[in-house]
Amino acid sequence: MISPAFATILASGRAQFNGRAAEARRRFPALDMAAFGAFLHDGVDPLVVAVAAAAPERAGGATLAAYDMALELVGHGLAGPAAKNPFLNTVWRELAPSFAPLLAMAPVDVLGMLSNAAIHISSVAGARPAQWQAGMAAVAPQVGSVAQLRAVGQVLAWRAGVAHFRQGALAAADTLPHALALAAFGEPGAHWPQVHAQLMANPWRGNAEGREFGSFTGLGGAFATPPQVRATPDGFGFAVRSAERHYLLVADAYGAVLHSATAQEFELAQTAVPASVRLDGATVHVGARSIALDLPAGDIALAANAHTLAITSPWTHAIRLLPLA
């Protein structure tokens with residue numbers, strides 16, 4: 001059963017809600033009304049209850065906006081019991097109510113932003129949607145506007161593994177109140193200008209170990225053959241070739257993301273490494289650090305951009321990524 005608050009709003013606007021559902025069935029002939037009903041119960045009802053408690057005078061408008069968006073999402077197969085993206089259901093049910101005051105003021109903007117973020121983050125291989133959701137819930141009491149919601153959502157998506165958001169997320173973080181920006185990075189009480197400067201200067205801040213990326217496509221990985229890697233001219237990414245396919249790899253302390261690229265982009269990339277990097281058999285030396293590699297000596301290849309060393313071998317489908325600093 002739905003809550004009394006939601007039931008009352010539906011009953012008071014029955015004709016209006018029924019008309020919207022009928023129009024949605026014309027637009028989406030395959031719309032499953034049973035699935036829509038289930039999403040009303042599981043996804044819409046919790047946020048209606050939250051808005052009714054926070055701003056009862058705005059509950060009707062927020063409900064109407066949520067109802068319309070729910071029809072759209074279920075109609076596209078993005079929400080409901082058989083959703084292509086189950087994480088979206090969770091965001092509506094568990095996260096959206098945390099932003100009840102904002103939902104009351106701008107339900108379309110807030111639900112649109114949360115829905116788009118949920119769809120995007122869960123589509124990025126290697127991203128951590130549950131981490132993003134937990135981070136958003138933790139900072140919700142400090143978020144006072146839709147602009148702040150959008151900015152903090154981008155920051156937390158980056159921290160949850162969407163590595164190519166880095167530059168945009170840092171710019172967005174700079175628009176936030178310092179206390180909220182620091183909360184988004186889990187560093188309350190720190191000095192934001194100092195944290196921002198460190199993040200700008202060192203993409204591996206907080207992760208001295210680096211990471212490993214990629215595996216064999218036959219095991220659900222990204223690469224059909226052991227990859228070859230070169231550093232891109234911008235100093236931040238890597239061009240990758242595996243079999244006849246080419247990619248752009250972006251990686252930092254929070255994650256690694258692979259995008260499609262061209263053969264020309266791979267050819268323009270570089271294999272040089274700085275003087276601070278030296279390979280001795282199966283041990284790589286980066287400045288004063290020495291890292292023993294679990295690879296046969298002799299065929300190990302190195303490439304470095306401004307901040308990261310990439311290590312590959314014909315004996316593995318994985319790319320080892322190490323911070324240079």
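I noted that the model is predicted.

**Entry: Glu94**

I looked up the exposure of Glu94. Its relative accessible area is 44%, so Glu94 is partly exposed.

**Entry: whole chain**

I counted elements next. The protein chain holds 13 helices and 11 strands. Its C-alpha atoms fill a box of roughly 75 × 45 × 30 Å along the principal axes. The chain has 325 residues, and buried ones make up 49% of them. The accessible surface is about 14,700 Å². Carbon and sulfur atoms own 57% of that surface. I also checked contact range. Among contacts with a separation of 6 or more, 59% join residues 24 or more positions apart.

**Entry: α3 against α5**

I stayed with α5 and asked what it packs on. How close do the axes of α3 and helix α5 come? They come within 7 Å, and they cross at roughly 35°. Helix α5 covers residues 86-95. I listed the residues that meet. From α3 they are Phe39, Asp42, Gly43, Val44, Pro46 and Leu47. From α5 they are Asn89, Trp92 and Arg93. The contact of α3 with α5 splits into 5 nonpolar, 2 polar and 2 charged residues.

**Entry: α4 against α7**

Helix α4 spans residues 59-75 and helix α7 spans residues 107-123. Their packing angle is about 35°, with the axes 9 Å apart. The crossing of α4 and α7 is right-handed. On the α4 side I found Gly61, Ala62, Ala65, Ala66, Met69 and Leu73. On the α7 side I found Pro107, Val108, Leu111, Gly112 and Ser115. How many residues of the contact of α4 with α7 are charged? I found no charged residue there, against 8 nonpolar and 3 polar.

**Entry: aromatic pairs**

I ran the ring search. The count comes to 9 aromatic pairs. One of them is Phe36 with Tyr67, edge-to-face, at 5.2 Å centre to centre and 85° between the planes. Phe36 sits in helix α3 (residues 33-54) and Tyr67 in helix α4, so the pair ties together parts 31 residues apart in sequence. I checked cover on both rings. The cut-off for buried is under 20% relative accessible area. Phe36 has 3%, so it is buried. Tyr67 has 5%, so it is buried too.

I moved on to Trp158 and Tyr254. This pair is edge-to-face, with 4.9 Å centre to centre and 85° between the planes. Trp158 is in helix α9 (residues 146-159). Tyr254 is in the loop between β4 (245-252) and β5 (255-260). The two are 96 residues apart, and the pair links distant parts of the chain. Are these residues buried or exposed? Trp158 counts as buried at 1% relative accessibility. Tyr254 counts as buried at 14%. I then looked for partners. Trp158, Phe185, Trp192 and Tyr254 form one aromatic cluster.

**Entry: Arg211**

Tyr254 came up again here. I placed Arg211 in strand β1 (residues 211-213). I left aside its neighbours within four places in sequence and listed its contacts. They are Trp204, Asp252, Ala253, Tyr254, Gly255, Ala256, Ile319, Arg320 and Leu321. For distance, I took Arg211 to Glu265: 54 residues apart along the chain, with C-alpha atoms separated by 24 Å.

**Entry: two loop residues**

I found Ala243 in the loop between β3 (237-242) and β4. It counts as partly exposed at 37% relative accessibility.

I finished with Gly186, in the loop between α11 (178-184) and α12 (192-201). At 53% relative accessibility, Gly186 counts as exposed. The C-alpha atoms of Gly186 and Ala134 are 12 Å apart, with 52 residues along the chain from one to the other.

Key: Residues numbered from 1 in each chain as written. Predicted model: local features only at pLDDT ≥ 70, side-chain atom pairs only at ≥ 80, totals over all residues. Heavy atoms only, no water. Axes fitted to C-alpha atoms, helices over the stretch in contact; angles between N-to-C directions. Helix = DSSP H or I, 4+ residues; strand = E, 2+ residues; numbered from the N terminus. Left-handed = near helix turned anticlockwise from the far one by under 90°. Contact = heavy atoms within 4.5 Å. Nonpolar A, V, L, I, M, F, W, Y, C, P; charged D, E, K, R; others polar. Buried < 20%, exposed > 50% of the residue type's maximum accessible area, 1.4 Å probe, protein only. Areas by Shrake-Rupley, 256 points an atom, 1.4 Å probe, with all protein chains shown as cover. Phe/Tyr/Trp six-rings, centres within 6.5 Å; stacked < 30°, edge-to-face > 60°.
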